[in-house]
Amino acid sequence: MNTTAKMVEENGRVRRHVEGVGKQDQGVYEQLERNVKENFLVILQQKDVELLKADEELSRGEHELNETKEKLKKSEEKLVIEKNISDRNSLEVLKNFTKREIELSLELNEGNQKLVEKEEELKENTVKHEKLESENEIDFKLRDEMFNHVANEEEELRQKTVKLLAEKEELKQKYEKCEKLMAESWKQNTVKHEKLVAKKQEELKQKTAKHEQELQKIYQKLTEKEEELKQDTLKHAKLVGVLEERMECPVCLDIPTTGPVYTCSNGHCVCAACYRGPRSNCPSCRVRMFRNTSLLAATILQNIEHSCRNQGCLQKVAKEEKEEHKKACLFRLVTCPAFSCKEKVAFCHLVDHILNQCGSSMAKIKSTIIDVKGPAYCNYILNNCYLEDVLESFNVITLCWEGKYFFLTALKPPGSLWNFYVQMLGSLEECMRYRVSITIEEKVRGLVQTVCSAPFPINMEARVKREAGLVVRSTSMEGMLRQHASGRDFFTIKLDFAVI
Ligand SMILES: [Zn+2]
Ligand SMILES: [Zn+2]
Ligand SMILES: [Zn+2]
Ligand SMILES: [Zn+2]
């Protein structure tokens with residue numbers, strides 16, 4: 001049947017018009033056309049199903065790719081961590097891996113791009129199919145084109161899927177290879193590292209053992225040396241003791257510090273101070289002394305350490321330091337600062353004496369020493385006997401200022417003068433660094449008498465005591481007196497301390 005079909009426009013709608021056929025043929029043809037349409041619809045449905053399947057496969061592929069990507073990402077993270085902890089030798093290998101990772105990532109990105117494109121095309125096709133379906137009128141030519149197009153699309157899609165799957169497989173293999181390489185490298189590095197650590201530990205152990213041995217030897221030597229030194233010191237002390245005994249002057253019982261040392265013909269020594277001339281006799285054996293001196297004794301004197309003679313002091317001092325030590329020795333005897341107490345006490349025991357033993361100490365009566373920060377005020381309440389022409393001494397008052405002990409004495413010797421002075425528990429040199437002001441004042445009448453000087457040292461000469469410090473005439477003193485609540489007279493001494 002020779003028929004031609006063409007597209008004609010009718011009422012603004014395009015429809016296919018068949019020419020050159022009779023009415024009967026037209027009916028047959030329409031039947032055929034209906035059949036073809038139905039078949040075509042079936043095919044289209046099948047294609048749709050296939051497309052859906054392909055779509056599913058693609059999304060599955062995509063899903064797997066995503067999983068692979070996830071794995072790669074984790075591997076990347078793992079690689080980063082391992083990179084950080086691996087030693088320098090694995091850095092190069094890691095760099096290569098990183099390069100590969102980047103390449104793989106790029107390839108993956110490309111694959112993804114292609115997939116997206118495919119999806120886009122599929123969408124377009126679906127839209128086309130839908131359009132065709134809705135049109136419900138299909139040109140044969142268009143149908144063929146459509147068939148071909150769909151087939152081409154399908155083929156292309158299939159090929160692309162195959163290609164993508166192959167790419168995926170390749171990527172997977174690369175990933176596995178990379179992972180294997182990494183694991184191997186890690187294993188190798190770990191083994192290497194462990195070996196190195198074990199080696200270093202062994203070396204360290206050996207070195208420590210060696211050092212300990214050496215140390216042990218040194219300790220041994222040190223102990224031996226200490227023992228030797230101890231023995232030597234003992235011998236030396238013994239020798240010095242014997243020499244000192246031999247050198248002790250039988251008259252003054254002191255060991256001379258300066259020469260010459262006189263000897264009798266029997267070798268007994270007498271110090272220069274106790275030597276009574278060539279006609280005198282030896283105090284030990286009574287033979288004539290003459291002018292013999294001992295060069296040996298003088299040499300020994302120059303070279304031995306002299307023990308301190310003060311009771312309780314264990315210090316040994318060189319000859320040239322002996323005089324200085326005598327002045328500063330903590331066990332040197334000092335006279336109690338209380339005027340009525342004549343006791344001689346070791347310097348370091350004086351505070352104890354003042355507080356616990358002295359019979360003329362205010363500190364003992366009150367069981368405390370006054371601790372002062374600023375000026376100190378000391379009250380004296382009088383008996384009537386101060387008017388009599390006899391020595392009146394008050395209990396010594398002890399004060400502590402900035403860690404130093406000061407003793408205030410008030411005296412009224414027979415006659416018309418009173419005197420007040422302050423001593424410090426220290427040597428003359430120490431006292432010179434301090435200043436103390438002694439003031440007696442009567443504010444109502446506006447009377448003041450004051451004196452400022454260095455405190456006197458504890459070993460103050462007795463004759464100075466009566467005229468030292470603040471001296472006040474008896475007539476002036478009378479003006480300073482005030483009436484106490486008990487009816488007796490009293491006066492106040494104010495003390496100010498300073499360091500210069
Ligand atoms: Zn002597
Ligand atoms: Zn003699
Ligand atoms: Zn001493
Ligand atoms: Zn005393």
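The structure is a predicted model, in which local features need pLDDT of at least 70 and side-chain atom pairs count only at pLDDT 80 or more, whereas totals for chains, interfaces and linings use all residues. Residues are numbered from 1 along each chain as its sequence is written, and chains are lettered from A, with ligands numbered from 1, in the order in which they are written.

**Exercise 1. Work out which strands pair with strand E14, and in which sense.**

Step 1. Begin with the terms: helices (H or I, at least four residues) and strands (E, at least two) are DSSP runs numbered from the N terminus, and two strands pair if DSSP finds at least two bridges between them. The chain has 10 helices and 20 strands.

Step 2. Strand E13 (residues 404–412) pairs with E14 in the antiparallel sense over 6 bridges, and phenylalanine 407 stands opposite glutamine 423 in E14. The hairpin of E13 and E14 has 4 residues between the strands, and in this hairpin glycine 415 takes a positive phi near 120 degrees.

Step 3. Strand E18 (residues 470–473) is also antiparallel to E14, over 4 bridges, with asparagine 419 opposite valine 471 in E18.

Step 4. Strand E17 (residues 456–457), by contrast, runs parallel to E14 and is joined to it by 2 bridges; here methionine 424 has proline 457 of E17 as its bridge partner.

Step 5. Of the 8 residues of E14 (residues 417–424), 6 are buried, so this strand is largely enclosed by the rest of the structure. Buried means that 20 or more other C-beta atoms lie within 10 Å of the residue's own, exposed that 12 or fewer do, and partly exposed is in between, with C-beta atoms placed from the backbone. In the chain of 500 residues, buried residues make up 16%.

**Exercise 2. Decide whether cysteine 431 is buried or exposed, and list what it touches.**

Step 1. Cysteine 431 is placed in helix H8 (residues 428–431).

Step 2. Cysteine 431 counts as buried, because it has 22 C-beta neighbours inside 10 Å.

Step 3. Leaving aside residues up to four places away in sequence, cysteine 431 touches Met424, Gly426, Ala454, Pro455, Phe456 and Pro457. Cysteine 431 and isoleucine 458 are 27 residues apart in sequence, and their C-alpha atoms are 9.2 Å apart in space.

**Exercise 3. Locate leucine 253 and arginine 286, and state the phi value of each.**

Step 1. Leucine 253 is in the loop between helix H3 (140–247) and strand E3 (262–263), and its phi is near 60 degrees, a positive value in a residue other than glycine. Leucine 253 is exposed, with 10 other C-beta atoms within 10 Å.

Step 2. Arginine 286 lies in the loop between strand E4 (269–270) and helix H4 (295–303), with a positive phi near 70 degrees. Arginine 286 counts as exposed, because it has 11 C-beta neighbours inside 10 Å.

How values were computed:
Two residues are in contact if their C-beta atoms, placed from the backbone, lie within 7 Å.
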